[in-house]
Amino acid sequence: MSSRRPLAGVRVVITRATHQATEQRESLEEMGASVFHYPSIAIAPPMDIDTLDASLHKAISDEYDWILLTSTNTVYALSERLRTLGQSFPATLSMRVATVGSSTAKQAQEKLGLSVDVMPAEFTAESLGTAIPQLKGHRVYLPQSELAKSNLSKTLQSQGAIVDTVHAYRTVMAQGGDDVPSMLWEGSIDAITFTSGSTVRNFARRLAFEQATLSMLDDVCVACIGPSTATAAQQLGLAVSVLPEEHTSAGLTDALVTYFQTNGA
């Protein structure tokens with residue numbers, strides 16, 4: 001490996017949804033990796049679309065004090081629904097914005113036109129719950145995945161916030177991409193990356209659907225973007241080799257570079 005392309009010769013699979021894959025692919029390819037895409041999840045509207053629409057109308061009408069965005073998938077789901085409704089957030093909103101992670105903040109600005117006021121140093125939903133001061137009596141809009149835990153909502157409520165928790169999307173098993181099961185059978189994959197618990201679980205489901213098993217990853221470097229993702233992988237019996245300190249796509253790429261510089265491809 002060269003110092004300028006430290007992942008040259010390393011074959012890496014990314015599993016995130018198609019609409020999210022470009023940034024991670026470019027980051028890895030810039031380091032010299034050969035990147036294959038095996039989308040494990042796709043983002044679908046929630047089962048209760050009327051409740052989502054009603055909450056978006058309240059947000060547009062400036063009826064909330066805060067909106068909390070915990071992932072880029074949430075931003076994507078809201079932007080898609082607003083586009084379908086022919087609506088957008090007005091520039092005059094007084095509603096303040098808090099996000100988990102710099103990628104979510106960037107997407108909030110680009111896709112929703114929302115400037116971020118608060119972003120905790122630790123890129124986890126739990127840290128967001130304590131990053132906003134003086135929430136007592138404030139109306140908080142919390143759009144999330146149908147699979148999201150209630151921890152954040154409970155933390156906000158314990159601080160006196162009036163929380164409107166709404167399902168913004170659901171994750172479903174994706175299709176398409178590269179023939180990763182065959183490549184795993186051939187032993188021609190060096191690393192696989194996961195960016196959420198949903199990507200891990202749906203990866204396992206998709207492998208099983210395509211007549212493959214998680215045991216095929218025994219000799220593959222499993223890289224997880226953060227602790228909750230790593231926990232989901234470990235619960236399925238996967239040994240996590242890479243867990244970056246910075247829970248971002250760039251941090252994940254840097255951690256893979258460190259791993260392969262130490263261990264080789």
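Visitor: How are helix 1 (residues 21-30) and helix 10 (residues 249-263) oriented where they pack?
Guide: In this predicted model, the axes of helix 1 and helix 10 lie 9 Å apart and meet at an angle of about 30°.

Visitor: Which hand does the crossing of helix 1 and helix 10 have?
Guide: Two packed helices are described by the angle between their axes and the distance between the axes. For this pair, where helix 1 passes helix 10, the crossing is right-handed.

Visitor: What classes of residue make the contact of helix 1 with helix 10, and how many are charged?
Guide: Helix 1 contributes Gln24, Ser27 and Leu28, while helix 10 contributes Ser249, Ala250, Leu252, Thr253 and Leu256. Sorted by class, this contact of helix 1 with helix 10 holds 4 nonpolar and 4 polar residues, and the number of charged ones is none.

Visitor: Is Asp62 buried, partly exposed or exposed?
Guide: Asp62 sits in the loop between helix 2 (49-60) and strand 4 (66-69), and its phi is near 65°, a positive value in a residue other than glycine. Its relative accessibility is 24%, so Asp62 counts as partly exposed.

Visitor: Is Gln211 buried or exposed?
Guide: The loop between helix 8 (197-209) and strand 9 (221-224) holds Gln211, a residue other than glycine whose phi is positive, near 60°. Exposed means over 50% relative accessible area, and because the value for Gln211 is 65%, this residue is exposed.

Terms used: Residues are numbered from 1 along each chain as its sequence is written. This is a predicted model: local features need pLDDT of at least 70, side-chain atom pairs count only at pLDDT 80 or more; totals for chains, interfaces and linings use all residues. Side-chain values use heavy atoms; hydrogens and water are left out. Helices (H or I, at least four residues) and strands (E, at least two) are DSSP runs, numbered from the N terminus. Buried means under 20% relative accessible area, exposed over 50%, partly exposed in between (1.4 Å probe, protein chains only). Axes are lines fitted to C-alpha atoms, for helices over the stretch in contact, and angles run from 0 to 180 degrees between N-to-C directions. A crossing is left-handed if the near helix is turned anticlockwise from the far one by less than a right angle, and right-handed if clockwise. Contact means heavy atoms within 4.5 Å. Ala, Val, Leu, Ile, Met, Phe, Trp, Tyr, Cys and Pro count as nonpolar, Asp, Glu, Lys and Arg as charged, and the others, Gly among them, as polar.
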